[in-house]
Amino acid sequence: MIPPLLGHTPFLVDVGANIGQWTASVKLFLPDAQVLAVEPDPRSFDRLKSNVSNLSGVECINCAAGSEPGYAPLYRQPLSTMSTLQPSSGDALDDVLEVLIQPLDDLLQEADNIDLLKIDVEGSELDVLRGCKRSLEHSALLLVEISLARGSTNGINFLAELKQLQPKARIIKFGRPLGHRSQPLCQDVLLALN
């Protein structure tokens with residue numbers, strides 16, 4: 001028998017929640033879970049709130065996560081899951097809006113036990129990481145989509161910086177790379193932090 005990775009009533013954080021696909025899926029399997037869903041795009045945020053409105057234990061916050069509080073341009077993409085604060089050469093640049101940025105450590109000041117922290121932020125992984133040092137210390141698991149194609153953020157750099165912050169971190173599982181075989185865009189990585 002494989003022991004469960006999460007308890008019966010875990011606290012989960014969904015950074016880059018988009019319209020709530022991950023949060024809603026998790027709640028199917030863990031109906032008693034408490035979830036904090038963070039999404040910067042107001043249009044996606046409205047759909048997120050609508051999609052999780054019938055689920056108990058879900059709190060939604062309309063901001064981006066980053067290293068410092070402030071504002072930054074969000075480059076909306078035709079596929080909302082690809083919208084980014086870190087555009088690359090192939091991204092659409094004509095639909096831009098300023099969004100609020102908050103460090104996760106500020107959003108999670110009261111959290112002493114985070115069972116799983118999920119980060120899917122289309123190239124801003126390092127910036128999110130630099131704003132959640134305290135939160136990582138209180139997290140058991142980290143699920144992160146590392147960008148492999150965006151020039152400003154490299155998945156290896158993210159993992160190296162994470163390892164400096166969390167020396168006991170270890171990779172549990174790599175997901176299948178997304179994108180073309182010769183030019184993957186991203187890959188999910190599940191890590192144990194303590």
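Predicted model: local features only at pLDDT ≥ 70, side-chain atom pairs only at ≥ 80, totals over all residues.
Some ground rules: local features need pLDDT of at least 70, side-chain atom pairs count only at pLDDT 80 or more, and totals for chains, interfaces and linings use all residues. Residues are numbered from 1 along each chain as its sequence is written, and side-chain values use heavy atoms, with hydrogens and water left out.

**Exercise 1.** Work out how much of the protein chain is buried and what its secondary structure comes to.

*Solution.* Start with the elements: there are six helices and eleven strands. These are DSSP runs numbered from the N terminus, H or I of at least four residues for helices and E of at least two for strands. Next, burial: 47% of the 194 residues count as buried, where buried means under 20% relative accessible area and exposed over 50%, with partly exposed in between (1.4 Å probe, protein chains only). Finally, the accessible surface (Shrake-Rupley, 1.4 Å probe) is about 10200 Å², and 53% of that belongs to carbon and sulfur atoms.

**Exercise 2.** Find which residues of helix α1 are buried, and say why they line one face.

*Solution.* Helix α1 spans residues 21–29, and its buried residues are T23, V26 and K27. Viewed down the axis, the buried residues fall within an arc of 100 degrees, so they line one face of the helix; the arc is taken over directions from the helix axis to the C-beta atoms. As background, an α-helix has 3.6 residues a turn, so residues three or four places apart point the same way.

**Exercise 3.** Describe the surroundings of S139.

*Solution.* S139 counts as buried because its relative accessibility is 1%. Leaving aside residues up to four places away in sequence, S139 touches I114, L117, L193 and N194. Then look at the polar side: a polar atom of the S139 side chain lies 2.7 Å from the backbone oxygen of S135.

**Exercise 4.** Trace the open sheet that contains β4.

*Solution.* The strand order is β4-β6-β5, with mixed pairing; two strands pair if DSSP finds at least two bridges between them. The edge strands, β4 (64–65) and β5 (70–75), each pair on one side only. Strands β4 and β6 (residues 96–102) run parallel and are joined by two bridges. Across that pairing, A64 stands opposite I101 in β6.

Conventions: Polar contact = N/O pair within 3.5 Å; in protein donor to acceptor, adjacent residues only side chain to side chain. Contact = heavy atoms within 4.5 Å.
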